[in-house]
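Hello,

Here is the structure I promised to pass on to you. Please have a look at it first, and then read my notes below.

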Amino acid sequence: MKTVAILYGGKSGEHEVSLRSGGSVYSHLDRSLYKPILIAVDHDGVWYLQQNPGFENDKKTLTLIKEEDSIVSVVPGFGLYCKNNKLEINLVFPVLHGTFGEDGTLQGLLEIAGVSYAGAGVLGSAIGMDKALAKQIWIQSGLPVVPFIVVRDRSISVTVDPLEQAVKDFGFPLFVKPANAGSSVGITKAGSLEELKSGVKNGFRYDTKLLIEPAIEGREIECSVIGNRKPVSFLPGEIISDDFYDYDSKYIHPESVRLSVPADLSENEEIKIREIAEKAFIAAGVEGFARVDFFLEKETGKIMINEINTLPGFTEISMFAKLCDVSGLSYKNMLTEIIQLAEERHHQRNKLVFKKE
Ligand SMILES: Nc1ncnc2c1ncn2[C@@H]1O[C@H](COP(=O)(O)OP(=O)(O)O)[C@@H](O)[C@H]1O
Ligand SMILES: [Mg+2]
């Protein structure tokens with residue numbers, strides 16, 4: 001029996017979502033193979049071992065109980081500790097969305113501690129988190145992406161005004177988004193120069209690097225991918241919402257959004273999307289699992305990558321899991337596969353030589 005530490009909650013704006021994702025992992029982990037323990041991360045980033053794993057009234061959301069004597073510390077080279085006792089775990093399963101969870105920082109911490117973990121590594125997580133960098137890499141790999149212009153914080157001088165450039169190249173409406181954010185935080189759809197300027201100003205509250213993109217009129221298609229060096233994609237799904245898929249429609253009024261699983265696509269579209277998703281996964285250096293999100297432009301039928309999420313919504317009713325399920329991989333077996341992939345990757349890595357022998 002292996003012990004898996006589920007790490008959930010976190011400092012990011014997606015803390016609440018993570019309480020649910022963590023709850024799903026905890027409830028569905030194959031108990032004949034794994035013993036789960038829970039480590040909750042509070043809004044300040046402090047880790048607490050949950051002595052008595054519990055759920056909120058809805059039975060889906062994990063609780064987060066803070067007790068002084070249950071604080072978990074990470075010791076470089078040694079692993080995880082609680083009150084001077086080493087936590088005997090085989091693997092950490094991070095279910096932390098967004099900053100400090102999905103962006104490579106947590107992965108770096110676990111590497112330094114010598115702890116195996118599920119999902120993408122340091123580089124894949126960091127690339128996946130930066131929407132501009134990810135797209136630059138995909139362009140280099142010959143993959144189709146939503147066009148974009150990067151706007152840096154004003155401290156960095158630019159020769160051409162990127163706002164003017166975006167209006168000239170793409171026309172209105174435009175999307176402004178922080179390079180490193182999630183859950184549609186800090187995103188504006190701008191129909192005029194005035195809205196663009198205020199969108200940029202707002203975006204800079206969340207990041208020092210923004211993207212301006214043309215608003216794509218099209219369908220939003222998402223594709224789950226699992227694997228290490230030879231990833232496998234699943235049947236794509238579609239997000240059908242009235243307006244853009246913003247924070248409210250994701251979490252506050254989920255009824256305004258419908259998930260169509262699998263998406264109604266032609267065979268050719270499906271094959272192409274899956275192929276691009278697998279290539280995008282490899283090119284971004286991602287391992288374990290990820291969800292690759294696309295636009296399928298209405299007028300032209302063009303397929304364009306929007307972004308990759310290395311820790312997508314992870315409940316059993318989230319898009320990621322539904323897409324695996326519709327292709328025949330149950331949530332429970334999907335978790336097992338992800339854990340096995342992590343073990344395989346860490347095993348490979350441990351064989352590497354880090355110093356001259
Ligand atoms: N260029 C674009 N054209 C049309 N809609 C967009 C564009 N960029 C983002 N959106 C809309 O905003 C949502 C959130 O943007 P996204 O880039 O996926 O960031 P997040 O990381 O917050 O999910 C998308 O799901 C989509 O509905
Ligand atoms: Mg998105």
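A word on terms before we start: helices here are DSSP runs of H or I with at least four residues, numbered from the N terminus. Please also keep in mind that this is a predicted model.

**The whole chain**

The chain has ten helices and 17 strands. Its radius of gyration is 21 Å, close to the 21 Å that the globule rule gives for 357 residues, so the chain is as compact as a globular protein of that length. The C-alpha trace spans about 60 × 55 × 50 Å along the principal axes. Of the 357 residues, 43% count as buried. If you take the contacts between residues at least 6 apart in sequence, 66% of them join residues at least 24 apart.

**Helix α10**

Let me take you to helix α10, which covers residues 331-350. It has 20 residues and reaches 29 Å from its first C-alpha to its last, close to the 28 Å expected at 1.5 Å a residue. Its buried residues are Tyr 331, Met 334, Leu 335, Ile 339, Ala 342 and Arg 345. Seen down the axis of α10, these buried residues fall within an arc of 135°, so they line one face of the helix. On the face turned away from that buried side you will find the exposed residues Gln 340, His 347 and Gln 348.

What covers the buried residues of α10? The cover includes the strands β1 (2-9), β2 (34-41), β7 (91-94) and β16 (288-297), together with the helices α1 (15-28) and α9 (319-326).

One residue to look at in α10 is Met 334. Met 334 counts as buried because it has 22 C-beta neighbours inside 10 Å, and the cut-off for buried is 20 or more. Not counting residues up to four places away in sequence, Met 334 touches Ala 321, Cys 324 and Leu 329. By contrast, Gly 121 is 213 residues from Met 334 along the chain, and their C-alpha atoms are separated by 19 Å.

**Helix α9**

Two of those contacts of Met 334, Ala 321 and Cys 324, are themselves among the buried residues of α9. With six of its eight residues buried, α9 is largely enclosed by the rest of the structure. The buried residues of α9 pack against the strands β12 (218-227), β14 (237-241), β15 (257-260) and β16, and also against α10. Just after α9 comes Gly 328, which takes a positive phi of about 100°.

**Gly 182**

Is Gly 182 buried or exposed? Gly 182 sits in the loop between β9 (174-178) and β10 (188-190), and it counts as buried because it has 25 C-beta neighbours inside 10 Å. Leaving aside its neighbours within four places in sequence, Gly 182 is in contact with Glu 14, His 97 and Gly 98.

**Around ligand 1**

Finally, the ligand. Ligand 1 is surrounded by 16 residues, the closest being Ser 184, Glu 213, Ile 216, Phe 244 and Tyr 245. β9 and β17 (303-309) each supply at least two residues of this shell. Sorted by class, the shell has seven nonpolar, four polar and five charged residues.

Enjoy exploring the model!

Best wishes

Conventions: Residues numbered from 1 in each chain as written. Chains lettered and ligands numbered in written order. Predicted model: local features only at pLDDT ≥ 70, side-chain atom pairs only at ≥ 80, totals over all residues. Expected span 1.5 Å × (residues − 1). Buried ≥ 20, exposed ≤ 12 C-beta atoms within 10 Å, placed from the backbone. Arc of directions from axis to C-beta. Contact = placed C-beta atoms within 7 Å. Rg over C-alpha atoms; globule rule 2.2 N^0.38 Å. Near = placed C-beta within 6 Å. Nonpolar A, V, L, I, M, F, W, Y, C, P; charged D, E, K, R; others polar.
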